[in-house]
Amino acid sequence: MEIICPACGKLYENNAGTACQRCGCDLANLASIAAAAAAQLSAASASLQAAQWSDALQRAERSWSLR
């Protein structure tokens, strides 16, 4: 997922560490939130494949709210 530095607006590249390359802002917390959103989206996909519709919807909504 894309992360944009809240301090300077630079697009964060996942392989660049936990600090913004331009201004040095700590992006570790934002990266953790993005990872949690991706995990929820993956779980929603698994729930869809298992025909667990309400669980899939709840997980997708959690992912969207984190995003």
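The model is predicted, and the mean pLDDT of the chain is 90, with 94% of its residues reaching 70 or more. Helix 1, residues 28-49, packs with helix 2, residues 53-66, at an angle of about 160 degrees.

**Confidence**

- Among the elements of the chain, helix 2 has the highest mean pLDDT, at 95, whereas strand 2, which covers residues 11-12, has the lowest, at 86.

**Geometry of the helix pair**

- The axes of helix 1 and helix 2 lie 8 Å apart, and the angle between these helices is about 160 degrees; because angles over 145 degrees count as roughly antiparallel, helix 1 is roughly antiparallel to helix 2.
- The crossing in which helix 1 passes helix 2 is left-handed.

**Residues in the contact**

- From helix 1, the contact is made by Ile-33, Ala-36, Ala-37, Gln-40, Leu-41, Ala-43, Ala-44, Ser-47 and Leu-48, while helix 2 contributes Trp-53, Asp-55, Ala-56, Arg-59, Ala-60, Arg-62, Ser-63 and Leu-66.
- Sorted by class, the contact of helix 1 with helix 2 holds 11 nonpolar residues, together with three polar and three charged ones.

**Asp-55**

- Asp-55 is located in helix 2, and this residue is among those that make the contact with helix 1.
- With a relative accessible area of 22%, Asp-55 is partly exposed.

Technical notes: Residues numbered from 1 in each chain as written. Predicted model: local features only at pLDDT ≥ 70, side-chain atom pairs only at ≥ 80, totals over all residues. Heavy atoms only, no water. Axes fitted to C-alpha atoms, helices over the stretch in contact; angles between N-to-C directions. Helix = DSSP H or I, 4+ residues; strand = E, 2+ residues; numbered from the N terminus. Parallel < 35°, antiparallel > 145°, perpendicular 65-115°, else oblique. Left-handed = near helix turned anticlockwise from the far one by under 90°. Contact = heavy atoms within 4.5 Å. Nonpolar A, V, L, I, M, F, W, Y, C, P; charged D, E, K, R; others polar. pLDDT = per-residue confidence, 0-100. Buried < 20%, exposed > 50% of the residue type's maximum accessible area, 1.4 Å probe, protein only.
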